[in-house]
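Colleague: I am new to this one. Can you take me through the labels and show what stands behind each?

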Amino acid sequence: MQIREATAADWPGIWPFWHRVVAAGETYTWDPDTSEEAARALWMAPAKRVYVAEDETGAVVGSAFLTPNYAGPAARIANAGFMADPDRGGRGIGRALAEHVLAEAVDQGFRGMVFNAVVETNPAVRLWTSLGFTVLGTVPDAFEHPKDGRVGLHIMYKAL
């Protein structure tokens, strides 16, 4: 698997799994009906450094972004988002992207990373904790999960 910085030409490879993940309504707080245009604006915004993971054939199988979470004196705390093709789950794409983005965050001078809204039933919570993130708090019953009903949203943090 190769991970590299994304270009605008990568969006057509990102959109199909981005759409599937968000439309499922299980792991992201974005509107499940987000249009492709709005999704591209969210994911590929100029303030974000976007990365893609490619398989051995060059197909985009995952993507992540890195951006400051705050501005001004707190701009050295990062935020990131991660998505992998659901058809390729369990192949280490999420972990590889996470390790890459964490290293990039350090290289770019970030002192910590915060996730503002991790759905507590998201299997990625295990990944984040295994990489040293801690749950700072949970907003109870904040997320309407299509299968699990109302569940909490974790705020997670890792010092870099």
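**From rings to sheet**

Modeller: Start with a charge and a ring: Lys48 lies over the face of Phe65, 4.0 Å from the ring centre. Keep in mind that this is a predicted model.

Colleague: How do you know that Lys48 counts as lying over the face of Phe65?

Modeller: The distance limit is within 6 Å of the ring centre, and the charge must also be within 35 degrees of the ring normal. Lys48 is at 4.0 Å, and it is listed over the face of Phe65. Arg76 is another case: its charged end sits over the ring of Phe110, 5.8 Å from the centre.

Colleague: How many aromatic pairs are there?

Modeller: The count is 11 aromatic pairs. One of them joins Trp11 and Trp15, with 6.0 Å centre to centre and 35° between the planes.

Colleague: Why is the pair of Trp11 and Trp15 called tilted?

Modeller: Ring centres must lie within 6.5 Å; planes under 30 degrees apart are stacked, and those over 60 are edge-to-face. At 6.0 Å, Trp11 and Trp15 pair.

Colleague: What makes Trp15 buried?

Modeller: The cut-off is under 20% relative accessible area. Trp15 has 16%, so it counts as buried. Trp11, at 1%, counts as buried too.

Colleague: Why is the pair of Phe82 and Phe115 called edge-to-face?

Modeller: Phe82 and Phe115 have 85° between their planes and 6.3 Å between their centres.

Colleague: What does the pair of Phe82 and Phe115 tie together?

Modeller: Phe82 is in strand β4, residues 77-84, and Phe115 is in strand β5, residues 112-119. The pair therefore ties together parts that are 33 residues apart in sequence.

Colleague: Which residues form an aromatic cluster?

Modeller: Trp11, Trp15, Trp18, Tyr28, Trp30, Trp43 and Phe65 form one cluster.

Colleague: Which residues of the largest nonpolar core touch the most other members?

Modeller: That core has 25 residues, and the ones touching the most other members are Leu66, Phe82, Val101, Met113, Phe115, Trp128 and Phe133. At least two residues each come from β2, β3, β4, α3, β5 and α4. The largest share, 6 residues, is from α3. Another core of 17 residues lies apart from it, and among its members are Trp11, Ala39, Val52 and Phe65. In soluble globular proteins, nonpolar side chains tend to be buried together.

Colleague: What does Leu66 touch, leaving out residues up to four places away in sequence?

Modeller: Its contacts include Ala47, Tyr51, Val101, Phe110 and Met113. Lys48 is also one of them.

Colleague: What order do the strands of the open sheet take?

Modeller: The 7 strands run β1-β2-β3-β4-β5-β7-β6, with mixed pairing.

Colleague: What makes β1 and β6 edge strands?

Modeller: Each pairs on one side only. Neighbouring strands of the sheet are turned by 25° against each other on average, direction ignored.

Colleague: How do you know that β1 and β2 pair?

Modeller: Pairing needs at least two bridges. β1 and β2 have 4 bridges, in the antiparallel sense. Gln2 stands opposite Glu54, and Glu5 stands opposite Tyr51. β2 and β3 also run antiparallel, joined by 6 bridges. There Val52 stands opposite Ser63.

Colleague: What makes β2 mostly covered?

Modeller: Of its 6 residues, 5 are buried.

Colleague: Why is Asp85 called buried?

Modeller: Its relative accessibility is 14%, under the 20% cut-off, so Asp85 counts as buried. Asp85 is in the loop between β4 and α3. Beyond its neighbours within four places in sequence, Asp85 contacts Phe17, Arg20 and Val61.

Colleague: What makes the phi of Asp141 worth a remark?

Modeller: Most residues other than glycine have a negative phi. Asp141 is not a glycine, yet its phi is positive, about 50°. Asp141 is found in strand β6.

Colleague: Is Asp141 buried, exposed or partly exposed?

Modeller: Its relative accessible area is 48%. Buried is under 20% and exposed is over 50%, so Asp141 is partly exposed.

Conventions. Residues are numbered from 1 along each chain as its sequence is written. This is a predicted model: local features need pLDDT of at least 70, side-chain atom pairs count only at pLDDT 80 or more; totals for chains, interfaces and linings use all residues. Side-chain values use heavy atoms; hydrogens and water are left out. Buried means under 20% relative accessible area, exposed over 50%, partly exposed in between (1.4 Å probe, protein chains only). A nonpolar core is a set of buried Ala, Val, Leu, Ile, Met, Phe, Trp, Tyr and Cys residues joined through side-chain atoms within 4.5 Å. Contact means heavy atoms within 4.5 Å. Axes are lines fitted to C-alpha atoms, for helices over the stretch in contact, and angles run from 0 to 180 degrees between N-to-C directions.
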